[in-house]
Amino acid sequence: MMGREHIQNLKLVGANVVAVFEPDNTQRFLAKELVPQALFLDSLEALLAIPELSAVVIASPNHCHFENLSTIARLRPSLHVLCEKPLC
């Protein structure tokens with residue numbers, strides 16, 4: 001899971017990982033080992049409903065990037081986003 005790499009890097013720079021959206025149970029369990037204090041959610045919409053959220057990292061499979069970006073743009077257009085390529 002590339003998301004674990006992002007979590008580790010965010011922790012290195014002192015970022016507060018508030019929540020993780022991970023639909024896969026196995027990957028969610030592994031991510032909980034890195035940030036046990038975070039909320040673990042199974043929908044992007046639930047993640048975007050968190051008011052204190054200021055940025056997101058999209059580390060989903062390539063074919064999901066555009067859909068996830070579209071959802072974020074629709075629900076939280078001012079949110080900062082880091083997305084791995086490709087975008088289409």
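Reader: Does Phe40 count as buried or exposed?
Author: Quick caveat: this is a predicted model, where local features need pLDDT of at least 70, side-chain atom pairs count only at pLDDT 80 or more, and totals for chains, interfaces and linings use all residues. Numbering starts from 1 along each chain as its sequence is written, and side-chain values use heavy atoms, leaving out hydrogens and water. Buried means under 20% relative accessible area, exposed over 50% and partly exposed in between (1.4 Å probe, protein chains only). Phe40 has 17% relative accessibility, so Phe40 counts as buried.

Reader: Which residues is Phe40 in contact with, beyond its neighbours within four places in sequence?
Author: Phe40 sits in strand E2 (residues 39-41); helices (H or I, at least four residues) and strands (E, at least two) are DSSP runs numbered from the N terminus. Contact means heavy atoms within 4.5 Å. With those neighbours set aside, the partners of Phe40 are Val20, Arg28, Ala31, Lys32 and Val35.

Reader: What does His6 touch, not counting residues up to four places away in sequence?
Author: His6 is part of helix H1, and at 17% relative accessibility it counts as buried. Its contacts are Val57, Ala59, Leu82 and Glu84.

Reader: At roughly what angle do the axes of H1 and H2 cross?
Author: Axes are lines fitted to C-alpha atoms, for helices over the stretch in contact, with angles from 0 to 180 degrees between N-to-C directions. Anything under 35 degrees counts as roughly parallel, and H1 and H2 are therefore roughly parallel to each other. The axes of H1 (residues 2-12) and H2 (residues 25-34) come within 10 Å, and they cross at roughly 15°.

Reader: Which residues of H2 make the contact with H1?
Author: From H1, the contact uses Arg4, Ile7, Gln8 and Lys11. By class, the contact of H1 with H2 has four nonpolar, two polar and two charged residues. On the H2 side, the residues are Gln27, Leu30, Ala31 and Leu34.

Reader: Why are the buried residues of H4 on the same side, and how wide is their arc?
Author: The buried residues of H4 (residues 65-75) are His65, Asn68, Thr71 and Ile72. The arc is taken from the directions from the helix axis to the C-beta atoms. They are on the same side of H4 because they cover an arc of only 135°.

Reader: What do the buried residues of H4 pack against?
Author: The face turned away from the buried side of H4 carries the exposed residues Phe66, Glu67 and Arg74. The buried residues of H4 pack against helix H3 (44-48), strand E3 (55-58) and strand E4 (80-83).

Methods:
Angles under 35 degrees count as roughly parallel, over 145 as roughly antiparallel, 65 to 115 as roughly perpendicular and the rest as oblique. Ala, Val, Leu, Ile, Met, Phe, Trp, Tyr, Cys and Pro count as nonpolar, Asp, Glu, Lys and Arg as charged, and the others, Gly among them, as polar.
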